[in-house]
Amino acid sequence: MNEVRRFLLLQAGCQNYALPLEQVSEVSELRPLSPVPRAPVWCLGAVRSAGVVAAVVDLAWYIGAEPEQAPEKLVVLDLRLGGLALQVGQVSSVALEAPVRLEQDNQGVWLMTPDSKAELLDAMELVQEISAAMAR
């Protein structure tokens, strides 16, 4: 029996993104952050989730856009991959792979829904990329 993949649809800045739902540990309201000394400006602080400290990154700011103007949610990535949470604007819905399709072009992989086009993110790659950027 084939398992239907599910994707969390979210917005950061003016861009729509999708994350495979199995790569997300938690979606929560914003909460107070602890400071992280000498962190890049897009690393806003840290939170505790399920007993693990996670760095909080403004996703829009990290990708080179303006900082998120109206942050609403924290998306904590799968803690087995590393301690990382993304501060984002809206988290709109969960989409099933069945009514949507994936398309690839020279800019990336896109989740195409009837209402929008969302860039597909991979949490493992994102954790590795952000960890390397924070270590510089």
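1. A salt bridge is taken here as a side-chain nitrogen of Lys or Arg within 4 Å of a carboxyl oxygen of Asp or Glu. The model is predicted, so local features need pLDDT of at least 70 and side-chain atom pairs count only at pLDDT 80 or more, while totals for chains, interfaces and linings use all residues. Residues are numbered from 1 along each chain as its sequence is written, and side-chain values use heavy atoms, with hydrogens and water left out.

2. The structure holds 4 salt bridges. One of them joins E26 to R31, with the closest N and O atoms 3.1 Å apart. For accessibility, buried means under 20% relative accessible area, exposed over 50%, and partly exposed in between (1.4 Å probe, protein chains only). E26 is partly exposed because its relative accessibility is 24%, and R31, at 27%, is also partly exposed.

3. E29 forms a salt bridge with K73, and the closest N and O atoms are 2.5 Å apart. This pair links distant parts of the chain: E29 lies in strand β3 (residues 24-29) and K73 in strand β6, 44 residues apart. E29 counts as exposed at 52% relative accessibility, whereas K73 counts as buried at 18%.

4. R80 is paired with D78 in a salt bridge whose closest N and O atoms are 2.7 Å apart. Here R80 is exposed at 73% relative accessibility, and D78 is buried at 10%.

5. Helices (H or I, at least four residues) and strands (E, at least two) are DSSP runs, numbered from the N terminus; two strands pair if DSSP finds at least two bridges between them. An open sheet of 6 strands has mixed pairing and the order β8-β1-β2-β11-β10-β9. Its edge strands, β8 (91-96) and β9 (101-105), each pair on one side only. β9 and β10 (residues 108-112) run antiparallel and are joined by 5 bridges; R101 has M112 of β10 as its bridge partner.

6. A nonpolar core is a set of buried Ala, Val, Leu, Ile, Met, Phe, Trp, Tyr and Cys residues joined through side-chain atoms within 4.5 Å. The largest such core has 24 residues, and L10, L19, L59, V75, L77, L84 and L86 have the most contacts inside it. Elements that each supply at least two of its residues include β1 (6-12), β2 (15-20), β7 (84-88) and α2 (123-135). The largest share, 5 residues, comes from α2.

7. Leaving aside neighbours within four places in sequence, L86 is in contact with L19, V57, L59, K73, L74, V75, L77 and L126. K73 in that list is also the salt-bridge partner of E29.

How values were computed: Contact = heavy atoms within 4.5 Å.
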